[in-house]
Amino acid sequence: MTPGANKLTTTERIAALEGKLLIALPNLDTAISALTHKSYCNEHREQNGANNERLEFLGDAVIDLAISHRLMERFPQADEGELSKLRALIVNEEGLARIARKIGLGELLQLGRGEDLTGGREKSSVLADALEAVIGAVYLGGGMAKVMELVDRFFAEALEGVALGRSGFDYKTLLQEDAQVRLKQSPRYRVVSEKGPDHEKIFEVEVLIGTDVYARSSGRSKKEAEQAAARETLTMLSQKSVGNQNDGA
């Protein structure tokens, strides 16, 4: 918990957010709503303030559009399926939360006391939702041009990562991190088969997390097959997370 985080004035909170974003937020009500978790509103009904859920809904769509735009520019030959997989590697709860942590968004949030005391400022779900809400507020205040400024600044590393992935990006490391966060377990790789003569051998590898098999992929080396299987598993985990969120909506 950040000491005194809920004691910042509205003006101080918004000024700090603008400083982190390097973008002005002209509508103060919208800006403060983006930083307000529903738990805070539940405990301060007398303020009649709005929480960030509506802005989160908008920001989710805006981020998808912005990242889709940049991916289409980077990969002019990629088809819809590949673009969707690449976007899922970037736009997911942990990816968004990582950016929120990097800019210190958690320290600016208005949280209910219970949420604050249980580490809400560091929860991936809270941070990812807040980042989406902030981007929704940026869109309402400055349009898509300002959103693209943020995407180019904050998502540059992730975009570069998937670009490098086409020539050997380390998806095994990404999966190791993602599986630990989502499932609290490390992935294991198992060679299922080896086919062909020694100079043209094809390896088939599967990924297991716990006792579950998540993906199976082939390659001309064990390393290549493992990277392909790790990439497929990352996509599956991201899609499963989205599906769980929709089920609980």
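Which residue forms a salt bridge with E157, and how far apart are the closest N and O atoms? I found K102 as the partner, with the closest N and O atoms 3.2 Å apart. My cut-off for a salt bridge was a side-chain nitrogen of Lys or Arg within 4 Å of a carboxyl oxygen of Asp or Glu.

Before going on, a note on the source: this is a predicted model, where local features need pLDDT of at least 70, side-chain atom pairs count only at pLDDT 80 or more, and totals for chains, interfaces and linings use all residues. Residues are numbered from 1 along each chain as its sequence is written, and side-chain values use heavy atoms, with hydrogens and water left out.

**Salt bridges**

I went back to that pair and saw that E157 belongs to helix α9 and K102 to helix α6 (residues 93-102), distant parts of the chain 55 residues apart. Helices are DSSP runs of H or I with at least four residues, strands are runs of E with at least two, and both are numbered from the N terminus. Both E157 and K102 are exposed; here exposed means over 50% relative accessible area, buried under 20%, and partly exposed in between, with a 1.4 Å probe and protein chains only.

The count comes to 18 salt bridges. I also looked up E160 and R74, whose side chains meet at 3.3 Å, N to O. E160 lies in helix α9 (residues 156-165) and R74 in helix α4 (residues 53-74), so this pair ties together parts 86 residues apart in sequence. E160 is partly exposed at 36%, and R74 is partly exposed at 36%.

Next came E94 with R101, at 3.1 Å between the closest N and O atoms. E94 is buried at 9%, while R101 is partly exposed at 31%. I noted a network too: salt bridges link R70, E73 and D152.

**Nonpolar core**

I then checked the largest nonpolar core, which has 59 residues; L21, L71, L105 and F155 touch the most other members. Such a core is a set of buried Ala, Val, Leu, Ile, Met, Phe, Trp, Tyr and Cys residues joined through side-chain atoms within 4.5 Å. Helix α8 (residues 124-154) gives the largest share of this core, 15 residues.

**Charges over rings**

Last, I looked for charges over rings, taking NZ of Lys or CZ of Arg within 6 Å of the ring centre and within 35 degrees of the ring normal. R153 lies over the face of F154, 5.5 Å from the ring centre. K172 has its charged end over the ring of Y189, at 4.7 Å from the centre.
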